[in-house]
Amino acid sequence: MENFKKEKVSLWRRIAALALAAALALGLAACDASAVVPGSSTPTVSTAQPAGDGQTANFAMYFLDVGQALSVLVECDGQYMLYDGGNVDDGSYVVSYLQNLGVEELQYVFCSHAHEDHVGGLAAALAYFPADHVYSPVTEASTKCFQDFVKYTGQQGLQVEVPAAGTVWPLGSATVTMLGPVAQYDNTNDTSIVLRVDYGSTSFLLTGDMESDAERDLVNSGANLKADVLQVGHHGSSTSTSYIFLNAVLPEMGIISCGVNNKYGHPHEETLSILRDAGVAVYRTDLLGAIVIGSDGQNYTIRTEKTATDAELNPTDPAAASTAQQGYIGNVNSKKFHLPSCANLPAEKNQILFSSYEEAIAAGYSPCSSCIK
C-alpha cells in the first residue's frame with residue numbers, strides 16, 4: 001500500500017512552539033491505531049516534474065529500511081548519491097534495492113562515520129556499483145567492516161577521501177553541501193559527515209549519528225541549517241536533536257531510521273517530545289518501512305511501504321493520542337486482554353495495561369473473543 005502525504009506547518013508556529021518548549025525545559029532544569037499494513041517491498045519514485053528553476057527534473061530521497069542502522073539514497077536527474085549502507089548484513093538488501101531502482105552507477109558514496117551500522121553495507125554496494133568518489137571522515141579504522149569498505153573502494157581504483165566542511169558537489173540539478181563536522185572529536189558519532197541537499201526551494205539535512213556537542217558547534221559555526229526535512233540524528237536517541245540544533249533547523253518532517261523493538265529503545269521519548277513541541281511530523285522506518293520523499297523543487301510527496309497512525313509515529317503527541325486506540329487491558333487471572341470499551345473488563349486490581357496488541361501477545365495473553373475480532 002502506498003501512503004502519500006503533504007505536510008505544511010507554519011514556520012512561525014513552530015518557532016513559537018519550540019521557544020516555549022525550550023523555556024519550559026530550562027525552567028524544569030533550574031527547579032531541580034490503526035494497525036501497520038504491509039505494502040510494496042520496493043517503493044519507487046519516477047516522476048518528471050518542474051524543478052524550482054522551471055526545468056524538468058527528477059528528485060527523490062530514499063530512506064531504506066535497514067533496521068537499527070541508516071542508509072539513504074539520493075537521486076536527481078538520473079544521478080545517485082549513497083549516504084551510509086546499514087550493517088554488513090544489510091548489504092544484499094541495499095544492492096537489491098538500488099538494482100530495482102535501475103541504479104547503474106553511484107556518483108558519490110558517503111560513509112557518515114566508522115560505526116558498522118552505517119559503513120557495514122557499503123562494501124557490498126561498492127563491490128557491485130561503480131562509483132566516482134568515496135568519502136568518509138577517516139581513512140582508517142580497526143574494524144573489519146571499515147577495512148572492507150576501504151578494500152572495495154581500492155578495487156575500483158579509488159581512494160577514500162576526507163572532505164572538508166564547505167565542500168559543494170553537484171548531483172544533477174541538486175546541490176550537496178558538507179556542513180560538518182566543524183571540529184575534531186573523540187566521540188565517533190560526532191565525527192559524522194553532515195550534508196545539506198538543496199533542490200529548487202526544498203532542502204534536506206543528513207546528520208548520521210551526530211550528537212549534541214557537534215550539533216552545538218555546528219550551530220555556532222553559522223552554517224545554514226534551515227531545512228524542510230531532517231534525518232533525525234542517532235536513530236532518534238536522546239543524545240541528539242538538542243533544542244538549540246532543532247531551533248536552527250526547524251524542519252517540517254523528521255525521518256527516524258531505527259529497528260523494530262530495538263534494544264536501545266530508539267526513538268527515545270525525549271526526542272519524540274522535542275519534535276512534537278517543534279511541530280515536526282515524524283516518519284519512522286520501524287513502523288513505515290522504506291520512506292521515499294519526492295520533490296518537484298517546491299512541494300513534496302511521501303511514499304511509505306507501510307502505514308501507521310500519527311499516534312503510533314509519535315505517541316508523545318496528546319492530540320494524536322486522543323483519537324488513537326488507547327491500548328489494551330489484560331486480566332492477570334484469565335490471561336485474556338480486552339479493548340478498554342469491553343463490557344467484560346476485570347476488576348482494577350486484576351488489570352494490566354498493554355500499549356499494543358503485539359505486546360499483549362508477547363506477554364502470553366490471548367485476545368478476548370467478544371471485543372477483539
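In these legends, a buried residue has under 20% relative accessible area, an exposed one over 50%, and a partly exposed one lies in between (1.4 Å probe, protein chains only). The model is predicted, so local features need pLDDT of at least 70 and side-chain atom pairs count only at pLDDT 80 or more, while totals for chains, interfaces and linings use all residues. Residues are numbered from 1 along each chain as its sequence is written, and side-chain values use heavy atoms, with hydrogens and water left out.

**View A. Alanine 123 sits in helix 4.** Helices (H or I, at least four residues) and strands (E, at least two) are DSSP runs, numbered from the N terminus. Alanine 123 is buried, with a relative accessible area of 9%. Leaving aside neighbours within four places in sequence, alanine 123 is in contact (heavy atoms within 4.5 Å) with Asp148, Phe149 and Tyr152. Look also for cysteine 145, 22 residues apart from alanine 123 along the chain: their C-alpha atoms are separated by 7.7 Å.

**View B. Helix 2 (residues 91-100) has the buried residues Gly91, Val94, Val95, Tyr97 and Leu98.** Seen down the helix axis, these residues fall within an arc of 160°, so they line one face of helix 2; the arc is taken from the directions from the helix axis to the C-beta atoms. They pack against strand 3 (59-63), strand 4 (72-76), strand 5 (79-83), strand 6, helix 4 (122-128) and strand 16 (291-295). Just after helix 2, you will find glycine 102 with a positive phi of about 85°.

**View C. An open sheet of 8 strands runs in the order 8-7-6-5-4-3-16-17, with mixed pairing.** Its edge strands are strand 8 (160-161) and strand 17 (300-304), each pairing on one side only. Two strands pair if DSSP finds at least two bridges between them. Strand 6 (residues 106-110) and strand 7 (residues 131-135) pair in the parallel sense over 4 bridges, and valine 109 has valine 134 in strand 7 as its bridge partner.

**View D. Strand 9 (residues 168-171) and strand 10 run antiparallel, joined by 4 bridges.** Proline 170 stands opposite threonine 175 in strand 10. The hairpin has 2 residues between the strands, and glycine 172 takes a positive phi near 60°.

**View E. Asparagine 189 lies in the loop between strand 10 (174-180) and strand 11 (194-199).** Asparagine 189 is buried, with a relative accessible area of 6%. Not counting residues up to four places away in sequence, asparagine 189 touches His113, His115, Asp209, Met210, Glu211 and His234.
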